[in-house]
Amino acid sequence: MLIKKNSSRAAGAILVAIISIAVQPLGAQTASDEARLQKLEQAVSQLQKRNAELEQEVAGLKKRTAWTPVMTPEGKTKTQVTSEGKTYVEKAVPELQGGEKWKLFPAITELELFGDVRLRYEYRGGRLPSNDPNTPSHPNDWYERERERYRLRLGLRGTVLDDWFFGLRLETSSDPRSTNVTMGGDAGNGNGPFNKGDDGVAVGQAYLGYKGFPGTTLTGGRFAIPFVKTSLIWDDDINVEGLAEQWKHTFTFGGGTPLPQSFSKDGKAVAPPTSEPFLRLDLFANFGQFVYDDENPENPIGAPPTTTQPITGETQITPRANAFMLGWQVGAKFDFPHLFYVQFAPTLYNYTGNGDDFNIHFSGDPPGPSPSPTPNQTGINSLLVFDIPAEIGWTVGKIPMRIFGDFATNFEADDRATAAGHPDKGGDRYAYQIGLGIGQLKRKHDWQIDAWWQHQDQFALDPNLIDSDLFDARLNIEGVAVRGGYMLADAIVLNLTYGYGWRVDDSLGTGGTGNIPINPLDQYQLFQADLSVKF
């Protein structure tokens, strides 16, 4: 602006000089030509001198003033102010969105980052029975553990060309039923404090799927359990490996009738919405083929190896084929809007073999005096489990409520009990759960309370799949559990859980492998306080 003003002053001075010369009085015309020429030369000399001074002044101003060219970037821009000493310069720069910072393959139409971080305090304890022959000097003594733990799960999932999808999730711990890391758990044994020996990261999920058929989802790889389920049968931390096929279709009954026509404030007619259906019926089917145990090699050199069952003494050829777990589920959800809903999902689980790692027959009993064989706690022989998870939900005012439950039975419990050395215990084939839930965790200040009763017989379920928290992944235990949750923010949840259980059949052990090295586990207690952040 200053440069423009000085240039205008110079031009004005020149113009005034020319006019003053051109309008000389008429009397000057009688002067000699030499006098007039001298005056013109003096005027031109003064103008040249003034012009040189102005050029020097303009050059000095250019040196003192930062000049920035104006750029017009494509897309949305924002004004950015930068400082160079005492001078501030404003310029337009591109305003990048979060997604624009990622360079994605063009075929990827959607990509999402997800995960959670959880801090946990945990107490769990187990009590010895009063008549345990292995520990006669410590009747009713308690084995207790207190741990501060954390977990991290971080993943990416997305779609490719609309119909294909994929997912990858990394998580702490390689335990299939736990993603927790115990703080200070790897100290000692020559290690200093804060060691990282057990802080490894494992692949929790890695899958590829297809949704090109109406209502159908096909998935392969390592992925979340594809069934409607409860903690009676499955631990939530388990991710299965194999294939899954899922189908769902919704039918509506009633409704669809336009409501009476309404008008806006200015008298214009407003298109009325249609009324809600009387009933929404969801029919679904879920199937799974999971690789339970990979046999390696399938054809060894020489004679096939054999296995001797420790309880019955029977000698068998060790299986030479992979063991698969198959799941078959069909179900329905009846939803009466604003009234209640009912859902049930009958399911059948069966196994194609025992594999080479699970071919020792399940016992569940505690170890006997030496040299007695060690009873097996993980065998999958004689399991044909029928399961029916169900739920009924409604609202009281604005508070959601639900009754949930599960019932399961092993159709081959007689054979499983006989192989364990208890032919008279074939009736220990049932597992069931019944509970009440109030509230729902969706947004900040929401709360939820669940309370339930659970019973699991010794020969009812697969001990490798049941929940590792309630009750320490053990069978032949029943008890109660309560969980309360509160959302401190939209993505931050505080949960408190308490469980108490005791042995069902005192003549049997508590089959399974957990964190409490006691069998039989006569009583069990659990308390957990969790603070989770989800993203």
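# A walk through the predicted model

By the rule used here (a side-chain nitrogen of Lys or Arg within 4 Å of a carboxyl oxygen of Asp or Glu), the count comes to 26 salt bridges. Before you start clicking: this is a predicted model, where local features need pLDDT of at least 70, side-chain atom pairs count only at pLDDT 80 or more, and totals for chains, interfaces and linings use all residues. Numbering runs from 1 along each chain as its sequence is written, and side-chain values use heavy atoms, with hydrogens and water left out.

**Stop 1: a pair on a helix**

Select Glu53 and Arg50. Their side chains form a salt bridge, 3.2 Å from N to O. Both sit in helix H2 (residues 33-64), 3 residues apart, or about one turn of the helix. Helices (H or I, at least four residues) and strands (E, at least two) are DSSP runs, numbered from the N terminus. Glu53 is partly exposed at 37% relative accessible area, and Arg50 is partly exposed too, at 39%. The scale goes like this: buried is under 20% relative accessible area, exposed is over 50%, and partly exposed is in between (1.4 Å probe, protein chains only).

**Stop 2: a buried pair and its network**

Now pick Arg124 and Asp472. What joins these two residues? A salt bridge does, with the closest N and O atoms 2.8 Å apart. The pair ties together distant parts of the chain: Arg124 belongs to strand E3 (residues 108-127), while Asp472 is in the loop between strand E21 (447-456) and strand E22 (477-489), 348 residues apart. Are Arg124 and Asp472 buried or exposed? Arg124 is buried, at 1% relative accessible area, and Asp472 is buried as well, at 0%.

Next, show Glu241 and Arg222, whose side chains meet in a salt bridge of 2.7 Å, N to O. This pair also links distant parts of the chain, with Glu241 in strand E9 (residues 239-253) and Arg222 in strand E8 (residues 216-224), 19 residues apart. Glu241 is partly exposed, with a relative accessible area of 40%.

To see a network, select Arg120, Glu122, Arg124, Arg147, Asp469, Asp472, Arg474 and Asp530; salt bridges with shared partners join them into one. In general, side chains of opposite charge can pair when their charged atoms come close.

**Stop 3: following the strands**

Switch to cartoon view. Two strands pair if DSSP finds at least two bridges between them. E8 and E9 are antiparallel partners over 9 bridges, and Leu218 stands opposite Glu245 in E9. From E9, move on to strand E12 (279-293): 12 bridges join E9 to E12, again antiparallel. Here Thr250 has Asp282 in E12 as its bridge partner.

For another run of strands, find E19 (residues 399-410) and E20 (residues 430-439), which are antiparallel and joined by 9 bridges. Phe407 faces Tyr432 in E20 across this pairing. E20 then pairs with E21, also antiparallel and over 9 bridges, where Ile438 stands opposite Ile449 in E21.

**Stop 4: a pocket and a cavity**

Some ground rules first. On a 1 Å grid over the protein atoms alone, a cavity is a set of points where a 1.4 Å probe fits but cannot get out; a pocket is an open set with protein on both sides within 12 Å along at least five of seven lines; lining residues have an atom within 4 Å of a point. Grid points are joined across faces, edges and corners, and a volume is the space filled by probe spheres set on the points.

The second largest pocket holds about 440 Å³ of space. It has 18 lining residues, and those closest to its centre are Pro176, Ile238, Asn239, Tyr292 and Leu465. E9 and E12 each supply at least two residues of this lining. By class, the lining of this pocket has 10 nonpolar, 4 polar and 4 charged residues. (Ala, Val, Leu, Ile, Met, Phe, Trp, Tyr, Cys and Pro count as nonpolar, Asp, Glu, Lys and Arg as charged, and the others, Gly among them, as polar.)

Select Ile233, Met325, Tyr349, Tyr351, Val385, Leu461, Asp462, Leu465 and Ile466 to display its lining: 8 nonpolar, no polar and 1 charged.

**Stop 5: a buried glutamine**

Finish at Gln309, in the loop between strand E13 (306-308) and strand E14 (315-317). Gln309 is buried, at 2% relative accessibility. A polar atom of the Gln309 side chain lies 3.1 Å from the backbone oxygen of Asn359, and the side chain also reaches the backbone nitrogen of His361 at 2.9 Å.

Methods
Polar contact = N/O pair within 3.5 Å; in protein donor to acceptor, adjacent residues only side chain to side chain.
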